[in-house]
Amino acid sequence: MKAWVCHRFAAPFQIAIADVPVPEPGPGEVRIRVHAAGLSFGETMVLEGRYQKTPPLPYIPSSEMAGVVDACGPGVARVAPGQRVAAFSVSLDGGGLAEYCVLPEAFVHGIADDLAFADAAGFLMNHWTAFNALIRRGNLKAGEVLVVHGATGGTGSAALDVGRAIGATVIATGSDDAKLAQVAADHRINHVATPLRERILEVTGGRGADMVFDPVGGDLFDQSMRAIATGGRIVVIGFTSGRAAVARTNVLLVKMISVIGVEGRLALERMGEQGWNDFREMLAWAADGRLKPQAGTCFAFADARRGYEEILARRHLGKCVVLID
């Protein structure tokens, strides 16, 4: 089969298409004929060797995918050959940028017949991160004001979707007016062209935001500390700006605000049944239409490397997906 393979973690990352054996499912494992795979900023860090942990080499990237079950190992009971599925490799083993991928059954979930593979491929990881951050960790309520930084990216667009489903007033921030115009939000702020704190205070009548969803960090985190309402929450998803910000404890004290770290994979690995119950609730929200998975920028299989480069250059819109049909 054809697969994108990394033999060495380096910057710039080194991946190439290669012929590799079709993997065989073992006990409790499912083989998927992959039709679409999601790309993420975090995986560019893996490929460059800068992530908190790195998987064994050789490494086939992409921990999120959608396709059709091709074969099942002994003991698999929840899915069957021929079933349309989406999968999210919680263990960071990757494997999605290939014609076939083998994963534990727990990571594989059935999808509706009318959900496109491209939309399903980028759904699980990003929406789970947003769902866990806003509902379980941040306790966002209907009517509250949510600011989403990086709103034109994959995780940010998922947070907009979850925030709207909850019934929050959603403020999207970004640095590109053309891309911001394409996201669904109650208000949009170009934080490069407009003073962020002043605009948030204007939109909220001087009170500030109840919650900030922050995958960017750096200067945006600093500004969020000044634009958050008394008793507000900042959920920290990452720091794509390249600078991990530092929360000033005097501001935390006098404004009585909370800064909450969120890591979607670890929430499933370490929270046990509570984490998986929340994950299944997110799947139910998607099944009944409250969440609306939608791919952003799509690339052909041969152009997967360019997809990662677009993410690094911030030129993409929404979730980047590679089509493998």
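**Close-ups of a predicted model**

Strand 4 (residues 64-72) and strand 5 run antiparallel and are joined by five bridges. This is a predicted model, where local features need pLDDT of at least 70 and side-chain atom pairs count only at pLDDT 80 or more, while totals for chains, interfaces and linings use all residues. Residues are numbered from 1 along each chain as its sequence is written, and side-chain values use heavy atoms, with hydrogens and water left out.

View 1. Helices (H or I, at least four residues) and strands (E, at least two) are DSSP runs numbered from the N terminus, and two strands pair if DSSP finds at least two bridges between them.

**View 2. Strand 5, covered on both sides.** In a regular strand the side chains alternate between the two faces of the sheet. Arg84, Ala86 and Phe88 on one side of strand 5 and Val85 and Ala87 on the other are all buried (under 20% relative accessible area; exposed is over 50%, partly exposed in between; 1.4 Å probe, protein chains only). With five of its five residues (84-88) buried, strand 5 is therefore largely enclosed by the rest of the structure. The charged end of arginine 84 sits over the ring of phenylalanine 117, 4.3 Å from its centre (the rule: NZ of Lys or CZ of Arg within 6 Å of the ring centre and within 35 degrees of the ring normal).

View 3. The whole structure holds six aromatic pairs (rings of Phe, Tyr and Trp, using the six-membered ring of Trp, with centres within 6.5 Å; planes under 30 degrees apart are stacked, over 60 edge-to-face, the rest tilted). Phenylalanine 9 and tyrosine 59 make a tilted one, 6.2 Å centre to centre with 55° between the planes. Phenylalanine 9 sits in the loop between strand 1 (2-8) and strand 2 (14-19), and tyrosine 59 in the loop between helix 1 (41-47) and strand 4, so the pair ties together parts 50 residues apart in sequence. Both residues are buried.

**View 4. Phenylalanine 131 against tryptophan 285.** This pair is edge-to-face, at 5.1 Å centre to centre and 85° between the planes. Phenylalanine 131 belongs to helix 3 (residues 124-137) and tryptophan 285 to helix 10 (residues 272-287), 154 residues apart. Phenylalanine 131 is buried at 2% relative accessibility, and tryptophan 285 is buried at 9%.
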